Amino acid sequence: MTKISYSSILQYPKKEESLIFFMVRCNGNTAKVSTRQTIKTKMWNKQLHRCITSKELFTDRENREARKVNKQLNKIEDFIITRLSGWGEQSRYLTDPKEFKDIVTHYADMFFRGIEEEEKKQNQKATEWMLANINSNRIDIHSGRFVAERTKKAQSTVIHRLQLFLSDNHLEDTFKTFTDADFANKYMKWCYEKKNYKENTIYVTYEILKAQMNAAKKSGFNIDDTYYKELRGKCKDVDNIYLTEREIEAIYKLDIPHLKQEGLIDEKSTMEQTRDLFVIGCYTGLRRSDLNKLNNGIWDLSEANNTVSIVAEKTKKRVVIPLHKYVKSIYNKYKGKLPKLGDKYNTNVHLKNLGRLAGIDEITSKIENRGGKVSTIKYKKYDLIGFHTARRSFATNMFLAGKPTYAIMQLTGHTNERTFYKYVKATPEQIAHLLDFNSVG
């Protein structure tokens, strides 16, 4: 076994304060490196090669500092000696004087580089680390796929919201802020009183925050999960609407060129393209991102098949969807080259106007928790139509038509029924009708 002796010595033992050096000896060779630790010489013990502590002789602050220095000296010695011991006794690194000095210096540099990198890491702003992690080229361990750009964008929006919260409340941008026992109360108060956010906005934030805190902890940050792991990350079900077959038909049959002539729709509006793609969504259950990829799908309009096949953007799975007559008609209308959807804001404005023009103006009540106040708000149904209404309408109408849940989920891409049933907006009366025992033979 390689025989190595070592000690710690003061650079200036006769001065009031001195830098401490680490000295290593092996095979008659000696190497000395700085430990970057400074101590008051009156506290140094030459026999122990360590600082001494005493309540009678030194202040509490001096004793704390001495213990801190001793702890660091232990780490430095252990780091360097462990690595030197890995070399054979006859290795040139332990027998050649210059090589010995060089290897000791190299290991000391390695140790301090690690300390500096760790300090830099621990001092990094929490939200900056989260944003860097979110936008890295990550693989989702659950799906085995790279995280989609739209997911990164949604998660980044949540972190920017947290940055605004920290700024408004003059809080430090550290992981400790998010692990504080009072964080949830402060954040919820800010969301409700300052921003008038809905309840689910808070829960979405918690869901993303918890995932990032867990990732940071795995990455080596010192994070106490006592409180943040208790944050609720599940959103409450929302009273979202769906459109009935009759309402979808009313939108489909709108004579948009005629409405433009009458001045009810702007002449340059792309509302017709929005309408057509929305109707396709109502009869395919496809996500917005997949509707924009339909031109890459495989369309088989033959009587034997009458399907479109597409690889879903989110799940990366192939789905084969039977073509409703309206979908087939729209596909032929554009001669197999469907238009692209516009931006979300404009398409949602289009859909509300389409609903209004189609007479979908039933008064619909929604229970909302906004700003911490729960209230029932009445809307005209067309005001609640968004592009996601198409996917929800597909799931609900298929369910009410008695189609097998498993088959519907294959088309919507849901992997568990709990998530799928959030899309089904059947009323208690409709459920009762499905279970009408009088209709059972």
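Me: Buried means under 20% relative accessible area, exposed over 50%, and partly exposed in between, with a 1.4 Å probe and protein chains only. Is Glu272 buried or exposed?
Reply: Glu272 counts as buried, because its relative accessibility is 19%. This is a predicted model, where local features need pLDDT of at least 70, side-chain atom pairs count only at pLDDT 80 or more, and totals for chains, interfaces and linings use all residues. Residues are numbered from 1 along each chain as its sequence is written, and side-chain values use heavy atoms, leaving out hydrogens and water.

Me: Which residue forms a salt bridge with Glu272?
Reply: Arg275 does, with the closest N and O atoms 3.9 Å apart. A salt bridge here is a side-chain nitrogen of Lys or Arg within 4 Å of a carboxyl oxygen of Asp or Glu. Arg275 and Glu272 are three residues apart in helix H11 (residues 271-284), so about one helical turn separates them. Helices (H or I, at least four residues) and strands (E, at least two) are DSSP runs, numbered from the N terminus.

Me: And which residues do shared partners join into one network?
Reply: Glu272, Arg275, Asp276 and Lys333, through their salt bridges.

Me: How many salt bridges does the count come to?
Reply: Twelve by this rule. One of them pairs Glu77 with Arg50, at 2.8 Å between the closest N and O atoms. Glu77 sits in helix H1 (residues 60-84) and Arg50 in strand S5 (residues 50-51), 27 residues apart, and the pair links distant parts of the chain. Glu77 is buried at 10%, and Arg50 counts as buried at 13%.

Me: What about Glu149, buried or exposed?
Reply: Exposed, at 57% relative accessibility. Its salt-bridge partner is Lys152 (3.4 Å, N to O), and Lys152 counts as buried at 4%. Both lie in helix H5, three residues apart.

Me: Switching to packing: at what angle do the axes of H5 and H7 cross?
Reply: Roughly 95°, with the axes of H5 (residues 149-168) and H7 (residues 183-194) coming within 11 Å. The two helices are therefore roughly perpendicular to each other (65 to 115 degrees by the cut-offs used). Among the residues that meet there are Phe165 in H5 and Trp190 in H7, where contact means heavy atoms within 4.5 Å.

Me: Last one, the strands. In which sense do S2 and S3 pair?
Reply: Antiparallel, over ten bridges, with S2 at residues 17-26 and S3 at residues 29-40; pairing takes at least two DSSP bridges. They form a hairpin with two residues between them, and Asn27 in the turn has a positive phi of about 55°. The bridge partner of Ile20 is Gln37 in S3.

Key:
Axes fitted to C-alpha atoms, helices over the stretch in contact; angles between N-to-C directions. Parallel < 35°, antiparallel > 145°, perpendicular 65-115°, else oblique.
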